[in-house]
Amino acid sequence: VVLRDSEMILSAIAGLFGVAVLGLFLVFLDYFAIEEALRTATGYFILSRMVVTFVSIFLSPVVNMMPITGRMVSYNFWLAMERVAEVASAVAVFYLVQTEEADKVLLLFGIISMVMMTGVNILAAFFSVGGKPQFIPDFSRTSIRRIREVFSSVGWNGAAVASVNLYLRFDVFAVNIFFGVAGTVIFGLASQLSAYTRQVTLGLITGLDAVVSQKSGDADENSRKAILQLSQNVFELQAISLSGIGIILFLHAEFIIHLLFGDRLSSAGTQVPLIAQSFVFMMFGMIARGLSEGWMSTLAGCGRIKDYALPVLIGAMLNPVLVILLASYLDPEAGLLSVSIIFMVLNIVFHMIAVPIATARFLEVSFARFLSPALLPVLMAVSVGIVCFLIQATLEKEWLALIFSIVLVGLFMGIWFLRSFLKLIRSS
């Protein structure tokens with residue numbers, strides 16, 4: 001495996017695109033409903049995010065050498081360290097810095113998180129290279145012709161990545177413009193919490209495209225069957241993880257959000273229920289997106305990016321149209337919920353239905369057969385969810401019901417995960 005200069009050029013272009021998107025926030029900062037005292041700090045915070053975004057994207061080809069060369073444990077460790085760096089930055093600001101001025105808190109968080117997250121990415125890149133010359137890009141052969149080739153190769157892959165990422169980026173813009181600071185707080189907390197449900201299965205699909213690419217090299221019937229089996233096994237593991245997490249969050253969303261943010265919200269009595277409702281809708285959308293990433297990795301490994309990029313692009317194009325339409329005519333509460341519902345519906349239709357249909361068609365199996373391995377564990381998860389709901393309805397203390405749910409769901413996930421994981425090892 002050799003890291004080519006073209007990959008680094010492509011990552012630099014992608015990083016600059018990410019910086020440009022964030023730059024739009026700076027350009028149009030005055031149009032957003034932001035308190036005057038926070039406006040300057042918000043600008044500096046966006047600048048810090050621009051640095052983090054560029055470094056993370058630019059170094060991604062080097063860091064991704066770890067899963068490509070089979071160093072999955074190391075790769076997941078550095079992914080976890082990046083998340084820890086962001087959380088540690090927040091903890092440092094909120095609990096160690098003695099100030100109640102919101103602009104200083106935001107500014108300090110931006111600076112500290114930029115230093116820590118950038119540092120983690122640079123250390124991960126050095127660790128990935130590990131002194132191996134083939135992992136160090138050689139720019140001596142870079143030319144205008146090579147750069148043009150890189151631009152021409154972006155195509156559908158760039159469209160798919162941009163489409164997936166622009167959903168929430170646009171929604172945040174729209175919510176702030178239509179519903180102001182209060183709506184932005186509610187939607188921001190709901191979207192941030194829902195994003196963590198997708199994180200649950202990222203470790204399962206990391207490097208899947210590389211494994212599929214190796215298996216697809218033979219281009220025969222046995223290779224196709226092996227890819228189908230691998231894709232189904234990964235999907236089953238994803239379904240188990242996401243259904244289990246989904247049960248807990250669906251049943252106890254309001255209690256968990258009140259526990260986390262109740263004492264920090266100015267109107268917790270009205271805001272928490274609205275955050276919980278928005279979160280539940282967005283959670284289902286994130287679950288659909290999380291499941292689709294396994295299928296997209298399968299198609300990407302087989303060189304069939306266009307098969308999933310087109311439906312994903314269509315969904316992303318419909319999103320702003322529907323959001324603007326509904327947000328313009330509905331009252332603030334209904335309009336805010338409509339943004340979350342649109343996110344859920346589009347992700348289910350285009351990620352959880354259209355993408356697996358395309359994958360099943362490529363692997364030459366029916367849609368029903370392709371998804372069949374997850375049927376039994378999902379039905380079992382629903383049964384566990386019903387038991388958890390009955391326990392919740394019986395107990396007076398919500399925290400006790402939450403503990404019961406965690407234990408029951410944990411037992412279910414542990415049994416099915418072990419069973420499916422053993423199948424996955426045998427198939428790979």
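Helix 10 supplies eight residues to the lining of the second largest pocket, the largest share of any element, where helices are DSSP runs of H or I with at least four residues, numbered from the N terminus. A pocket here is an open set of points on a 1 Å grid over the protein atoms alone, where a 1.4 Å probe fits and protein lies on both sides within 12 Å along at least five of seven lines, and lining residues have an atom within 4 Å of a point. The model is predicted, with local features requiring pLDDT of at least 70 and side-chain atom pairs counting only at pLDDT 80 or more, while totals for chains, interfaces and linings use all residues. Residues are numbered from 1 along each chain as its sequence is written, and side-chain values use heavy atoms, with hydrogens and water left out.

The second largest pocket holds about 510 Å³ of space, a volume being the space filled by probe spheres set on the points, which are joined across faces, edges and corners. Its lining comprises 21 residues, and L242, S243, F284, I287 and V378 lie nearest the centre. Two or more lining residues come from each of helix 10 (221–261), helix 11 (268–301), helix 13 (332–362) and helix 15 (375–394). By class, the lining has 18 nonpolar residues, three polar and no charged, with Ala, Val, Leu, Ile, Met, Phe, Trp, Tyr, Cys and Pro counted as nonpolar, Asp, Glu, Lys and Arg as charged, and the others, Gly among them, as polar.

The whole structure contains seven aromatic pairs, that is, rings of Phe, Tyr and Trp (its six-membered ring) with centres within 6.5 Å, called stacked when the planes are under 30 degrees apart, edge-to-face when over 60 and tilted for the rest. One of them joins W78 and F127, a tilted pair at 5.9 Å centre to centre with 50° between the planes. Because W78 belongs to helix 5 (residues 72–96) and F127 to helix 6 (residues 102–129), this pair ties together parts 49 residues apart in sequence. W78 is buried at 15% relative accessibility, whereas F127 is partly exposed at 41%; buried means under 20% relative accessible area, exposed over 50% and partly exposed in between, with a 1.4 Å probe and protein chains only.

Confidence is expressed as pLDDT, the predictor's value for each residue from 0 to 100. The chain has a mean pLDDT of 81, and 86% of its residues reach 70 or more. Among the elements, helix 13 has the highest mean (91) and helix 8 (residues 202–205) the lowest (71).
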